[in-house]
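Please look over the structure below.

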Amino acid sequence: MMSPNQISENRGLSRPPTFRQTPLQVIHFIGNLMRIWSVYSVHRYLSQTGASVVLFIFSCLVPSSIIFLLLQRPWKGRPLSTNQVVPSVINGGITALYFILWGKGLKTCGPLRIILAEYSGAVLGVLSAVVYRRGNVWKKVGGLLAMLASFYFLSQGWAFATGFPFSFSDSQDAEVQPEEVLEVKDMLIPLLAGILSALRRVISRRVSLKNQLKRRLNAISIASATCFLFPVAMWDMIIGSTSVELPFSAWAFSSFVLFGIILIFYVDSIAEERLHMVFSSQRHLLVAGGCVIIMEIVYKMDFSLLGFLLCAAILGFGMNCRFSFNLFFFC
């Protein structure tokens, strides 16, 4: 017969894992909220000052790479093999291109569009399913069409109060700056940035599935991205502008370095390892969507809650149609 103490211990062990994961879920939400806050700060800085995207990204990557190298110290511990270092360096070049396209897309399309466009990397899972003929291919294609429809509605401004066709309010706040309707080709830059973001995650996981080793290799990738971006930034400084006077925002710079690059890497690593929440999942989209709604309200943007929920729901439906393959591709 079991004693009362043993019964209480068994009850404690039989608790569902959701209770133990709640603090991690809170950390994940706060980390994404801080990251998205930095994105809105960077967008306001770039749109108001007209600063160079390349120079700003480069100035943020320099301290980020130093911090990552000091924290992870990839030169210590078990020596890294060439099969690990070379893909990480190549991943650095992809990361540099991703940041350039991401910054350009943020400046032209706005934070809401660029954040949702980051999930366009899910199309890689569809293409892989077609190539390898894994699962229901037509279901994957249907998910792809749903995602493309969501991005089309975003380009037409459905997530904004001035562009949503089913808006029931005719009054418009004078302080709110209306968002422009984009052509389909204008959405290509953020969509390509999202695909490159997914590609660099795939390369990182293919090189190493161990979390500690992945962090060391990430430090190498960020440092490589900084090196790849250096000649581009110098060329942009010499040729790109006639004035050498660069406006500077301490908050936009520091928040993007701390929250947009460094903190979000560790938060996403915890989410993948402990919560089993990959980036291109509906749960991750739900967290990002909640953070976007908060920031749109705080920054008093041209925002339609109903239109945003509709675009996000269509995007989530498309991601759900190809999520069964997501575990294989892990993007």
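## Basis

This is a predicted model, in which local features need pLDDT of at least 70, side-chain atom pairs count only at pLDDT 80 or more, and totals for chains, interfaces and linings use all residues. Residues are numbered from 1 along each chain as its sequence is written, and side-chain values use heavy atoms, without hydrogens and water.

## Aromatic pairs

Rings of Phe, Tyr and Trp (its six-membered ring) pair if their centres lie within 6.5 Å; planes under 30 degrees apart are stacked, over 60 edge-to-face, the rest tilted. The count is 17 aromatic pairs. Phe58 and Phe230 make a tilted one, 5.8 Å centre to centre with 50° between the planes. Phe58 lies in helix H3 (residues 53-72) and Phe230 in helix H9 (residues 211-240), so this pair ties together parts 172 residues apart in sequence. Helices are DSSP runs (H or I, at least four residues), numbered from the N terminus.

Phe58 is buried, at 13% relative accessibility. Phe230 is partly exposed, at 43%. Buried means under 20% relative accessible area, exposed over 50%, partly exposed in between (1.4 Å probe, protein chains only). Phe265 and Tyr266 pair edge-to-face, at 5.3 Å and 75°. Both Phe265 and Tyr266 are buried.

## Charge over a ring

The charged end of Arg201 sits over the ring of Phe279, 3.9 Å from its centre. The rule asks for NZ of Lys or CZ of Arg within 6 Å of the ring centre and within 35 degrees of the ring normal.

## Helix packing

The axes of H3 and helix H4 (residues 82-109) come within 9 Å and cross at roughly 125°. Axes are lines fitted to C-alpha atoms, for helices over the stretch in contact, with angles from 0 to 180 degrees between N-to-C directions. Contact (heavy atoms within 4.5 Å) involves residues including Val53 and Ile57 of H3 and Phe99 and Ile100 of H4.

Note on methods: Helices (H or I, at least four residues) and strands (E, at least two) are DSSP runs, numbered from the N terminus.
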